[in-house]
Amino acid sequence: MKRVGILTSGGDCQGLNSAIRGIAKALYEHYGDKVEIYGIIDGYRGLINEEYRLMKPEDFSGILTRGGTILGTSRQPFKLMRVVDEETSVDKVDKMKKTYKKMKLDCLVILGGNGTHKTANLLSEEGLNVVTMPKTIDNDIWGTDMTFGFLSAVDIATNVIDCIHTTATSHGRVFIVECMGHKAGWLTLYAGIAGGADVILIPEIPYNIDKVIDCIKARTKSGKTFSILAVAEGAVSDEIAKLPKKKKKEAIANLMYPSVSYKIAHEIEEATGQETRVTVPGHFQRGGSPNAYDRFITTRFGAAAAGLIIDGKYGYMTGLVDGKIVPVPLKEVAGKLKGVPVDSEIIESAKQIGISFGD
Ligand code: F6P
């Protein structure tokens, strides 16, 4: 009997269930009734606390289009993984290894983002058989051209910008749409371009507020009555970006506004006199059904992950590279962040059509 555990960890996104379905179907197809799949509840927390259940084939039916994760998820910060809990004396890594052994698992399938991959690599180094799949709306996992969940979130954020367009036009206002992404600007970049934003501000390119204001003034001068900015929640001004790391963290933490977008809105309003509003779609961007692409790619990721298990090839993430699904060693993935390259051709073409990045 083959015994496979599956868990989803970190922030959820669209496509988790379709990925779970993909791997389960491929495993049942190959092993028939010679495989047992265990769903571990709420990510690593379930592995630490021995919370899991034996799944049945019917558990994986009807979930292709369902958002969220049928297994539940939680955030278990990597930096605390090795820290023994003072009150309970729980050694999390030790507990996870014990649960894995107790469950008599042959392998563990982990669906997650950057932090999740660090822990997945740690578990792999500790001797567990691990296979992972790259999920996050942030698209910032190293080793894959795209993560699942990303394009569904792009669709939602683009729709928000589309809707904002009509009201911005009617009122002749400046609007800021704040997209998720603290460290990486992929979502803002894609949705900003797809939604026709005039200004796109992302963490990788520190903005100069005067340049942003100049862009809006130039639009007004040319007869445009409204402007739309797509701003990543992690966008930083050039003034803050040049501070030493600790001071930079402090400056961001001590921002006098709910988020950077509100600060930018205030500065624009002061400088231009134009009414400026902020819209924050927030977790909307992670919700609802996966789009067609995410259903498609997660089914392929799932089949590829099952293939790795069948071949006994552990310690890998299924990555999408040049259109093909390939195994990427976990030790290469863990601890790296795939931000938007500042010399990216995407940024170049956006600038060619007049989009300002505030630089
Ligand atoms: O999972 C990624 C992400 O959605 C980021 O884009 C966002 O900054 C963060 O999670 C939000 O985290 P939480 O859901 O814990 O508020």
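Modeller: Let us begin with Thr188, which lies in helix 6; helices (H or I, at least four residues) and strands (E, at least two) are DSSP runs, numbered from the N terminus. The model is a predicted one, in which local features need pLDDT of at least 70 and side-chain atom pairs count only at pLDDT 80 or more, while totals for chains, interfaces and linings use all residues. Residues are numbered from 1 along each chain as its sequence is written, and side-chain values use heavy atoms, with hydrogens and water left out.

Biologist: Is Thr188 buried or exposed, and with which residues is Thr188 in contact?

Modeller: Buried means under 20% relative accessible area, exposed over 50%, and partly exposed in between, with a 1.4 Å probe and protein chains only. Thr188 has a relative accessibility of 0% and therefore counts as buried. Contact means heavy atoms within 4.5 Å, and, leaving aside neighbours within four places in sequence, the contacts of Thr188 are Cys179, Met180, Ile200, Leu201, Ile202, Ala230, Val231 and Ala232.

Biologist: How many of the ten residues of helix 6 are buried, and what covers them?

Modeller: Seven of the ten are buried, so helix 6 is largely enclosed by the rest of the structure. The buried residues are Trp186, Leu187, Thr188, Leu189, Ala191, Gly192 and Gly195, and their cover includes helix 5 (150-171), strand 6 (174-179), strand 7 (199-201), strand 8 (227-232) and helix 13. Just after helix 6, Gly196 takes a positive phi of about 75 degrees.

Biologist: How should I describe the packing of helix 6 against helix 13?

Modeller: Two packed helices are described by the angle between their axes and the distance between the axes. Here helix 6 (residues 186-195) and helix 13 (residues 345-352) pack at about 35 degrees, with axes 11 Å apart; the axes are lines fitted to C-alpha atoms, for helices over the stretch in contact, and angles run from 0 to 180 degrees between N-to-C directions. On the side of helix 6 the contact is made by Trp186, Leu189, Tyr190 and Ile193, and on the side of helix 13 by Ile346, Ile347 and Ala350. By class this contact has seven nonpolar residues, no polar ones and no charged ones, where Ala, Val, Leu, Ile, Met, Phe, Trp, Tyr, Cys and Pro count as nonpolar, Asp, Glu, Lys and Arg as charged, and the others, Gly among them, as polar.

Biologist: What is the general idea behind a nonpolar core, and which residues have the most contacts inside the largest one?

Modeller: In soluble globular proteins, nonpolar side chains tend to be buried together. A nonpolar core is a set of buried Ala, Val, Leu, Ile, Met, Phe, Trp, Tyr and Cys residues joined through side-chain atoms within 4.5 Å. The largest one has 64 residues, and those with the most contacts inside it are Ile23, Ile37, Leu111, Met133, Phe148, Leu187 and Ile309. This core draws at least three residues from each of domain 1 (2-149 + 290-333) and domain 2 (151-286), bounds that come from an automatic or database domain assignment. Apart from it lies another core of 24 residues, including Ile48, Leu122, Met317 and Val328.

Biologist: How far apart are the centres of domain 1 and domain 2, and how many residues of each are in contact?

Modeller: Taken over C-alpha atoms, the centres are separated by 34 Å, and 15 residues of domain 1 are in contact with 13 residues of domain 2.

Biologist: Which backbone feature do Asp42 and Asp322 illustrate?

Modeller: Most residues other than glycine have a negative phi, and most peptide bonds are trans. Asp42 has a positive phi of about 60 degrees although it is not a glycine, in the loop between strand 2 (35-40) and helix 2 (44-48). Asp322 has a positive phi of about 50 degrees, in the loop between strand 10 (316-321) and strand 11 (324-329), and is exposed, with a relative accessible area of 71%.
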